[in-house]
Amino acid sequence: SMGAGSQVIALPWKAVTIVAFAALYSIAPWQLSATSVWTWVLLFFAEDLAYYVFHRSHHRVRVLWASHVVHHSSVRFNLSTALRQSWTPMTTLPFWLPLALLGIPPWMILLQQSVSLIYQFFLHTERVDRLWRPIEYVFNTPSHHRVHHGSNNAYLDRNHGGILIVWDRIFGPFQAEGERVEYGLTT
């Protein structure tokens with residue numbers, strides 16, 4: 001029901017998002033070509049960084065945490081946990097607006113957001129152990145995301161990455177999975 005409700009609310013909100021992206025894209029100093037490989041490379045990294053800042057902010061700022069807490073409230077960790085989504089999509093828009101100002105076409109931003117969310121759906125599992133070390137170093141994996149959902153003291157506010165885990169490594173809150181993860185909220 002949380003996932004379905006989120007989608008019902010998100011659908012009209014997407015119209016607002018598209019208008020906002022289009023408005024900023026129209027005043028961007030340049031408009032990048034969708035046919036350029038470099039635009040796609042920039043989009044991949046810029047969108048993933050936008051997601052990281054969004055996600056970390058939703059853990060650090062109390063009013064944003066209030067909209068995100070439902071995703072972390074499950075004491076189990078499986079694919080259904082990924083569907084526990086907020087009904088407040090309006091808290092997300094500011095984090096992706098700079099991409100439109102960079103001159104990235106709005107449809108590309110929305111597409112990459114979708115790719116990121118599909119990737120993240122499969123992170124919500126205990127069935128996949130650690131992956132090959134180079135993959136674990138660069139990408140967010142089920143092991144990293146289990147830590148993110150942990151209520152253990154060592155795991156609180158860690159591993160906020162979307163597709164890449166490198167942002168957590170660069171900015172500091174990375175934590176490898178060690179002790180058994182306890183899921184749910186601390187209070």
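Ala 100 touches Phe 21, Leu 24, Tyr 25, Ala 28 and Ile 109, leaving out residues up to four places away in sequence. This is a predicted model. Ala 100 is also among the residues that touch the most other members of the largest nonpolar core. That core has 18 residues.

**The nonpolar cores**

- Besides Ala 100, the residues of the largest core that touch the most other members are Phe 21, Leu 43, Trp 96, Leu 99, Ile 104 and Ile 109.
- H1, H2, H5 and H6 are the elements that give two or more residues to this core.
- In soluble globular proteins, nonpolar side chains tend to be buried together.

**Helix H5**

- Helix H5 covers residues 93-101. Its buried residues are Leu 93, Phe 95, Trp 96, Leu 99 and Ala 100.
- Gly 103 follows H5. The phi of Gly 103 is positive, near 95°.

**Helix H3**

- In H3, Leu 64, Ser 67, His 68, His 71 and His 72 are buried.
- Their arc around the axis is only 155°, which puts them on the same side of H3.
- Arg 62, Val 63 and Ala 66 are exposed on the other side of H3.
- The buried residues of H3 are covered by elements including H2, helix H4 (79-82), H5 and helix H8 (142-148).

**How H2 packs against H3**

- Two packed helices are described by the angle between their axes and the distance between the axes.
- Helix H2 (residues 37-60) and helix H3 (residues 62-72) pack at an angle of about 100°. Their axes are 6 Å apart.
- H2 and H3 are therefore roughly perpendicular to each other.
- From H2, the contact uses His 55, Ser 57, His 58, His 59 and Arg 60. From H3, they meet Arg 62, Leu 64, Trp 65, Ser 67, His 68 and His 72.
- By type, the residues of this contact of H2 with H3 are two nonpolar, seven polar and two charged.

- Val 138 is in helix H7 (residues 133-138).
- With a relative accessible area of 31%, Val 138 is partly exposed.
- Leaving aside neighbours within four places in sequence, Val 138 is in contact with Leu 164, Ile 165 and Val 166.
- Val 138 and Val 166 are 28 residues apart along the chain. Their C-alpha atoms are separated by 5.6 Å.

- Asp 157 lies in the loop between H8 and helix H9 (166-171). Its phi is near 55°, a positive value in a residue other than glycine.
- Asp 157 counts as partly exposed, at 31% relative accessibility.
- Asn 159 is also found in the loop between H8 and H9. The phi of Asn 159 is near 55°, again a positive value in a residue other than glycine.
- Asn 159 counts as buried, at 0% relative accessibility.

Terms used: Residues are numbered from 1 along each chain as its sequence is written. This is a predicted model: local features need pLDDT of at least 70, side-chain atom pairs count only at pLDDT 80 or more; totals for chains, interfaces and linings use all residues. Side-chain values use heavy atoms; hydrogens and water are left out. Axes are lines fitted to C-alpha atoms, for helices over the stretch in contact, and angles run from 0 to 180 degrees between N-to-C directions. Helices (H or I, at least four residues) and strands (E, at least two) are DSSP runs, numbered from the N terminus. Angles under 35 degrees count as roughly parallel, over 145 as roughly antiparallel, 65 to 115 as roughly perpendicular and the rest as oblique. Contact means heavy atoms within 4.5 Å. Ala, Val, Leu, Ile, Met, Phe, Trp, Tyr, Cys and Pro count as nonpolar, Asp, Glu, Lys and Arg as charged, and the others, Gly among them, as polar. Buried means under 20% relative accessible area, exposed over 50%, partly exposed in between (1.4 Å probe, protein chains only). A nonpolar core is a set of buried Ala, Val, Leu, Ile, Met, Phe, Trp, Tyr and Cys residues joined through side-chain atoms within 4.5 Å. The arc is that of the directions from the helix axis to the C-beta atoms.
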